[in-house]
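Please read the following note with the structure open beside it. The points are numbered so that each may be checked in turn.

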Amino acid sequence: MSGLGNGRRVIGMRCRECGTEYPVQATHVCEMCFGPLDVVYDYDAIRKRISHRSIAAGPPSMWRYRDLLPLEDEVPVVTLGEGFTPLIHAERLGAELGLRNLYLKNDSMNPTNSFKDRVVSVAVSWARAHGFETIGCASTGNLANAVAAYSARAGLEAFVFIPSDLEPGKVVSTSVFEPNLIAVRGNYDQVNRLCSQLVETYPWAFCNINVRPFYAEGSKTLDFETAEQLGWRLPDEIVIPIASGCQFVKHRRAVGEMVDLGLVEAGSRLPALTGAQALGCAPVYNAWKEGTETVLPVKPNTIAKSIAIGSPSDGSYVIRIARETGGVVEAVTEEEIIDSIRLLARTEGIFTETAGGVTIGVLAKLARAGRWKGDEVVVAYVTGHGLKTADAVAAAPSPGRRFEIEPTLKSFKESVNI
Ligand SMILES: Cc1ncc(COP(=O)(O)O)c(C=O)c1O
Ligand SMILES: [Zn+2]
């Protein structure tokens, strides 16, 4: 039984645009205006029960924030121990960038090595509890990986749709879980359009489509953890990679919830939320630069495939939130992505994928342009592991660091000049 008054923490769904309310169901768009639907919580009931102590008494995973996730207490969750990833004080990278309080949230430490485990754990748990037997998704790679793993864990069928030109690392680490893997000859936006048609016909829970309102809520745990790991304080700024913009929107919700529920000091300033894109797929950055909220679709062409969404569904909300919180949207070149993967590895011992290269690239670009004075608490979300896109850096080995020698002392001494 739930400890909440009437036993329910989720009381419905609401359209983000027109406010029309709906009962809880597997749907993501408003019938009135086609706006996106969000989960509505009974915050009065949650406020009475949530505290730093109740959270600390929870599991060492993202499920310690269950009061702010859309799964009632009696629902068994599908978990692989996702979340509660390290928040690292990046002293060496910070020194290079002139930031004394730079932190990295290393979400590549999740079970399938990306932040998608957070959202998928919520989505698959919700879907199974609501009678779905098949999980689907349209994915740029990391979501496919997580859906395949969590469906296996739950004993559910999975249909995973990906663009056929995805990185081999992502394909292997998805296929091993034996989902139905559908490689579509097209880009992500075409894959997503196909899945939006399939969802009308098949009784499946598509994580990023019909169960998106629940799925998306899982992203909030990144912010809850960050605040808890900072001693229940909000950072001054968070740098976030943008694909669809889904997680960016939920980070705004999460920081608002922490202020409203008194989990951080009353009157805490919201962090500036800053978005990162690759110039090779930068629809949100383009709109930001133009000073408009109208995000025009682009055709992606970047090595940062996991964030290569040309038509981002939450793009205009990202712009609104960046502006509201004092953040910005910035973008980096392909070369900067690779340089930044190397910079992070060299200074902090963290190997991130190309999406992480985008985040660190934007962080570095803003720091070098003088955005911060030096004492601000800045957090970068490193959302995926480098082995997923190893080819991006394998193609250009670090200069001057590789020696091939005979298995003799002589050869070592001759070749390695130390
Ligand atoms: C590693 C990584 N980072 C960030 C994102 C961006 O997520 P969103 O679509 O919520 O903007 C993705 C999306 O697939 C991703 O795979
Ligand atoms: Zn509406």
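**Notes on the predicted model**

1. In E7, the bridge partner of Ala 138 is Phe 161. This pair belongs to a model that is predicted. The strands E6 and E7 pair in the parallel sense, and five bridges join them. Six of the seven residues of E7 are buried, so this strand is largely enclosed by the rest of the structure.

2. H5 is mostly covered, with 11 of its 13 residues buried. Among them are Asn 142, Leu 143, Val 147, Tyr 150 and Ala 154. The length of the helix also agrees with expectation: the 13 residues of H5 should span 18 Å at 1.5 Å a residue, and the end C-alpha atoms are 18 Å apart. Just after H5, Gly 155 takes a positive phi of about 70°.

3. H7 has 14 residues and reaches 20 Å from its first C-alpha to its last, close to the 20 Å expected at 1.5 Å a residue. Which residues of H7 are buried? They are Tyr 188, Val 191, Asn 192, Cys 195 and Val 199. These residues cover an arc of only 95° around the axis, which puts them on the same side of H7. On the other side of H7, Gln 197, Glu 200 and Thr 201 are exposed. The cover over the buried residues of H7 includes strand E6 (134-138), strand E7 (157-163), strand E8 (180-184) and strand E9 (205-206).

4. The domain assignment should be read with care, as each domain is written in two segments: domain 1 is 10-79 + 116-215, and domain 2 is 87-112 + 219-394. The C-alpha centres of domain 1 and domain 2 lie 22 Å apart. How many residues of domain 1 are in contact with domain 2? There are 25 such residues, and they are in contact with 28 residues of domain 2. On the side of domain 1 that touches domain 2, at least two residues each are supplied by several helices, including helix H1 (43-49), helix H4 (116-129) and helix H5 (142-154). H5 gives the most to this side, with four residues. The residues of the side of domain 1 that touches domain 2 divide into 12 nonpolar, seven polar and six charged.

5. Strand E10 (residues 237-241) is a further enclosed strand. Five of the five residues of E10 are buried, so this strand is largely enclosed by the rest of the structure. Both faces of E10 are covered: Ile 238 and Ile 240 are buried on one side, and Glu 237, Val 239 and Pro 241 are buried on the other. E10 and E11 pair in the parallel sense over five bridges. One residue pair to locate is Ile 238 with its bridge partner in E11, Leu 273.

6. An antiparallel arrangement is also present. Strands of a sheet pair through backbone hydrogen bonds, either parallel or antiparallel. Here three strands form an open sheet in the order E2-E1-E3, and the pairing is antiparallel. Strand E2 (21-22) and strand E3 (37-41) are the edge strands, each of which pairs on one side only. Two bridges join strand E1 (residues 10-15) to E2. The bridge partner of Arg 14 in E2 is Glu 21.

7. Is Leu 261 partly exposed or buried? Leu 261 is partly exposed, because 15 other C-beta atoms lie within 10 Å, whereas a buried residue would require 20 or more. Leaving aside neighbours within four places in sequence, Leu 261 is in contact with Tyr 43, Ile 46, Arg 47 and Ile 50. Of these contacts, Arg 47 is 214 residues from Leu 261 in sequence, yet the two are 5.8 Å apart in space, C-alpha to C-alpha.

8. Finally, Glu 335 is found in helix H13 (residues 334-348). Glu 335 is exposed, because 10 other C-beta atoms lie within 10 Å and the limit for an exposed residue is 12 or fewer. The C-alpha atoms of Glu 335 and Ile 303 are separated by 9.9 Å, and these residues are 32 residues apart along the chain.

Technical notes. Residues numbered from 1 in each chain as written. Chains lettered and ligands numbered in written order. Predicted model: local features only at pLDDT ≥ 70, side-chain atom pairs only at ≥ 80, totals over all residues. Contact = placed C-beta atoms within 7 Å. Domains from an automatic or database assignment. Nonpolar A, V, L, I, M, F, W, Y, C, P; charged D, E, K, R; others polar. Pairing = 2+ DSSP bridges. Expected span 1.5 Å × (residues − 1). Arc of directions from axis to C-beta.
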